[in-house]
Amino acid sequence: MNQNSKPKLAMYWASSCGGCEISTLNIGENILAVDELFEIAFFPCIADFKVKDVEGYPDGYIDVCLFNGAIRNSDNQEMAELLRRKSKVLVAFGACAHQGSIPALSNLTSRAATLETVYLDNPTLDNPQGILPNTQYEADEGLLELPTFFNTVRSLGQVVPVDYTIPGCPPEPHQIWTVLQAVAAALLQGAELPPAGSIIGAGTVAVCKECTREKEEKQIGRYYRPFEIVPDPERCLLSQGIICMGAATRSGCGALCPQVGIGCRGCYGPPDGVDDQGAAMISALASVMDTTYPTDNGNSLEQQIDTLIDTLADPAGTFYRFSLANAVLGRARQPASPVHK
Amino acid sequence: MKQERIGVYVCHCGSNIAGTVDVGQLSSWAADALEKRGVVVARDYKFMCSSLGQELIKSDIVELSLTRVVVAACSPHLHEKTFRTACQQAGLNPYLMEMVSLREHVAWVHSDKALATQKAKALISGAVERVALHEPLDPISVPIEATTLVVGAGISGIQAALEIADAGQKVVLVEREPSIGGHMAQLDKTFPTLDCSACILTPKMVTVGSHPNINLLTWSEVEAVDGFVGQFTVTIRKKARYVREDVCTGCGICMEKCPSKLIDQVYEAGLGYRSAIYRPFPQAIPKYPVIDKANCIYFQRGKCKACQLFCPTTPNAIDFEQEDQILQLTVGNIILATGYDLFDARRIPQYGYGRLANVFSSLEFERLCNAAGPTEGKILLRDGVSQPESVGIIHCVGSRDRNYNNYCSAICCMQSLKFAHLVKERTGAKVTNFYIDIRTPYKDYDEFYQHVLQEKVEFVRGRVAEVTDAARRPGEEGKLIIQVEDTFIGKQRRIPVDMVILSAGIEPRHDSKEVSRKFGISCNGSGFFTELHPKLDPVATMSKGIFIAGCAQGPKDIPASVVQGAAAAARVLGTIQQKSLDLEPVLAQVIDQKCSGCRICSNLCPFNAIGFDLERQISTINPALCQGCGTCVSACPSHAISGTQFSTEQILAQLHGLLAESFNGNGARTQSPAFSQAELV
Ligand SMILES: Cc1cc2nc3c(=O)[nH]c(=O)nc-3n(C[C@H](O)[C@H](O)[C@H](O)COP(=O)(O)OP(=O)(O)OC[C@H]3O[C@@H](n4cnc5c(N)ncnc54)[C@H](O)[C@@H]3O)c2cc1C
Ligand code: SF4
Ligand code: SF4
Ligand code: SF4
Ligand code: SF4
Ligand code: SF4
């Protein structure tokens, strides 16, 4: 096939860990088929491309761009805008592009507090002059510009219009491969693409549907952190008091974590029809608190509920681990001065 | 989407609403500002609920072809039905009407007219957005099985069963004790008329026992309830009596001959004995005894069978091989008349009950007075021989007391006065009543009090601190001393008496919460069953087809228990008459494709409407049981449960309307950006 008639594929990372690229490469020997099917137009992880190359493309030159990572700084935003212009189909790839994911947890504090922690307080640091990153630096060669570090992390969809989303941290290789095949079929053979805005490479219902653990009625008297309990191998983890986000998380992973005794972390985001994953989980858990009264130990109902809640470590980080940017609240309220210290 | 044609109707409710809200401004504003959102007419009127007010709505529906109606008046609790019916009469589906509670949510809680009017606008704006998304609904019709289950055969349950049976309908009457009668069967005389309790109760009991329409199941309990109004399936355990009802003549020889005697804690309130094979009292209905397995020598040690040996019937009525029977019955309605437990006075140690011999509980005293009781009606001290020369009666034991029950038990003032009279009449002893307030409402009750006052009964006002046998002063030796602050003279007093009677309060049955869960109804904080409306619907519950009567609903005396029993029966007969019942279609539904089977919702429903389909691994909601409370809707993390008339879209639309009006007052929708500029950089 003529090199130039192949559809153009791009994959870019903004604020991300690189796991999405690894998962993509993890599709095994199918990676050769990807090379067969697509012309790689931009993929900094595996080949040497410069931004200038992309800028040189005509608008809409790239057929499909898989964009992973959240929008943490002005460079991320510029690249998102550039790739949006240059791509026919822009895919939010992975949890960070989808909902902000781990980087967006810093929305619980402020830029100042984040920088302070990273550059001044970290125990492994050696920064006696207390230097913090600047956006401009006067060097011998002239003025150097660095990207602006934003106060709030956003998902890709909050910055530019997105055509599809492939959720997951990272998306599962078999799901990536299915999507790539579908895209190739659409571009080469005119097969129909899913409706714009769809979440692809995943299920629609929650993870519990895929989980083979035995579902039971729930009434939770206390929560356990993973090191505090050896989970029963057959029973639903949540029923055992182990936080499992499966009930509020989109399926598609095959319930990988719960199947091996680790509560679902929620990386696929909320199931179809649910906007705020954390809120959905919080109201679910609030509904299944054990409020049997009178209590065995003579505690008041309030005390009973307090003790139950005390066993729940880091609620915001647990319920919004992957979805804070897209949550109804989106970030913590702006503190008047840095909360830190 | 086609634009709806909405009518908005603002009620003045006399000056109830008009006094605080500018109703005229409100209706002209609605006509203007909400026009682009589909409002074609807005009116205000003095009493929307009046027939003239309703006419207004009806003629608009017809003449202006309204497709939706918003009535801004009082709480939907009161008039939703009125306005729904009005819509229906004008040919509009009744569920296309939405009410705004201007009176309860605005007028009665605010005083600033301008702000109140602004809030009213916001609420109407929300209702207009919401009503546009309403869907026409049809009530669900269920057939009514004519048989009724009555649980508990105290006076209240007996009354209910008789009313229904006499009206020609079948009743299954389930009583957990060996005999019907409840507490009333233990009492001696009943206030205020002092007629003998047994004399007025036993004729009713006999009628119950022989009524062709009553299937009486004593020594039985309801184990499970499934289904819903019109079609409840109840599982009843008929405990083995070990006595064949088809043979036993009720002669009682077995009870005489049984060598295992024990203290009767239930009927005799601990004052008398019974044997292991027993019937609680001679007039028991049914007359057949039961063997109390736990105390039967044969069942415990394998030897005895005295009862069988002496039983004169052929074939022998004693059958040690009998087993519990499980019955499954279908009933259309259920009346719960499970009564009360007496407050256990041991919980107040300073009153000495259970420790000081001559401190008696009120029920013990009833047995003491009763001619059929252990002393044949003689009022004697615990030694069984001496008569008291002085008696102290303490009111409010365990009632009106922050440490026990806050509520007033309602019957114990009259019961204490009754006791004072009986002691005077039978012993001539000196009687002192210790009270906080005397509560004697109702017909002839205060007259009874006046009468007792004339009998020279003394009254000391103050909560008793202690009853002790530790004598400190001359004249106190060998007596019980009642230590009290006499609040009329502001002094501590020590009053020595021979006998103390504790007028213990009325408490919910110890298992009332379990029973309420079993039947899918709710209890108040103390454990009394909750009625649908405390004033206007006192015997119905939130669960359709389940009614409550007697002390199970709250403390009350015999006349009130009888009234409730009859009222519950009337309600049941009403539904039987209709043969089928229309149920509210406002309820929750599981959207099968969205349910992940997580089972978060499994045990949330207060009406037991939620089931789990094991095969399909999804939850299901029984539409006839669901009352549309919304508990499960908000819990489901997959948003797989949708509340009809409370869909996410409808609620969000209402919020949009409400917020639009609260923020800029121009009726336009505001869209807030995800993050403000200040938050971003
Ligand atoms: C000391 C004393 C004196 C009183 N004197 C008077 C008086 O003079 N005049 C007056 O008007 N009132 C008097 N009362 C009040 C009177 O006792 C009550 O108003 C009346 O008995 C209430 O009747 P009931 O049917 O509601 O309850 P109950 O009499 O308690 O009957 C309830 C019945 O339900 C049965 N039951 C309970 N749970 C279950 C279950 N789960 N399944 C099956 N069966 C069940 C019980 O065994 C019982 O037979 C007195 C009360 C006391 C304590
Ligand atoms: S373990 Fe987690 S995913 Fe599995 S059923 Fe329970 S809550 Fe759902
Ligand atoms: S067998 Fe049991 S019930 Fe019969 S006489 Fe003996 S102890 Fe009493
Ligand atoms: S009825 Fe009288 S004795 Fe009983 S709780 Fe009320 S006030 Fe006290
Ligand atoms: S909570 Fe929702 S998803 Fe879970 S079982 Fe119930 S209906 Fe299904
Ligand atoms: S809305 Fe849900 S919880 Fe409420 S009655 Fe219906 S099924 Fe039960």
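In chain B, helices α9 (297–301) and α10 (306–310) each supply at least two residues of the shell around ligand 3. Helices here are DSSP runs of H or I with at least four residues, strands are E runs of at least two, and both are numbered from the N terminus. The shell around ligand 3 holds 13 residues, and the closest are Cys258(B), Cys296(B), Ile297(B), Cys304(B) and Cys307(B). A residue belongs to such a shell if one of its heavy atoms lies within 4 Å of the ligand. By class, eleven are nonpolar, one is polar and one is charged. Nonpolar covers Ala, Val, Leu, Ile, Met, Phe, Trp, Tyr, Cys and Pro; charged covers Asp, Glu, Lys and Arg; the others, Gly among them, are polar.

The model is predicted: local features need pLDDT of at least 70, side-chain atom pairs count only at pLDDT 80 or more, and totals for chains, interfaces and linings use all residues. Residues are numbered from 1 along each chain as its sequence is written, chains are lettered from A and ligands numbered from 1 in the order in which they are written, and side-chain values use heavy atoms, with hydrogens and water left out.

Ligand 4 also lies against chain B. Its shell includes Cys396(B), Cys408(B), Cys412(B) and Cys413(B), along with His395(B) and Arg400(B). Strand β21 (390–397) and helix α12 (412–427) each supply at least two of the shell residues. Six residues of this shell are nonpolar, three polar and three charged.

Asp437(B) and Arg439(B) are also in the shell around ligand 4. These two residues form a salt bridge, with the closest N and O atoms 3.9 Å apart. A salt bridge is a side-chain nitrogen of Lys or Arg within 4 Å of a carboxyl oxygen of Asp or Glu. Shared partners join Arg400(B), Asp437(B), Arg439(B) and Arg461(B) into one network. Asp437(B) is partly exposed at 25% relative accessibility, as is Arg439(B) at 34%. Buried means under 20% relative accessible area, exposed over 50%, and partly exposed in between (1.4 Å probe, protein chains only).

Over all chains, the structure holds 43 salt bridges. Lys58(B) pairs with Glu55(B), the closest N and O atoms being 3.6 Å apart. Lys58(B) is buried at 16%, whereas Glu55(B) is partly exposed at 43%. In chain A, Lys50(A) bridges to Asp48(A) at 2.9 Å between the closest N and O atoms. Lys50(A) is partly exposed at 48%, and Asp48(A) is exposed at 64%.

Arg103(B) lies in helix α4 (residues 102–105). Its relative accessible area is 12%, so Arg103(B) counts as buried. Beyond residues up to four places away in sequence, Arg103(B) touches Cys13(B), Asn16(B), Ile17(B), Ala73(B), Cys74(B), Leu78(B) and Trp108(B). Contact means heavy atoms within 4.5 Å.

Chain B has 18 helices and 34 strands. Of its 681 residues, 54% are buried. Chain A has twelve helices and nine strands, and 49% of its 341 residues are buried.

At the interface, 25 residues of chain B contact 31 residues of chain A. The two chains bury about 2300 Å², 58% of it on carbon and sulfur atoms. Buried area is the accessible area (1.4 Å probe) lost on putting two parts together, summed over both. Ile600(B), Pro637(B) and Phe675(B) supply 24% of the area that chain B buries against chain A, more than any other three residues. The count of salt bridges between the chains is zero.
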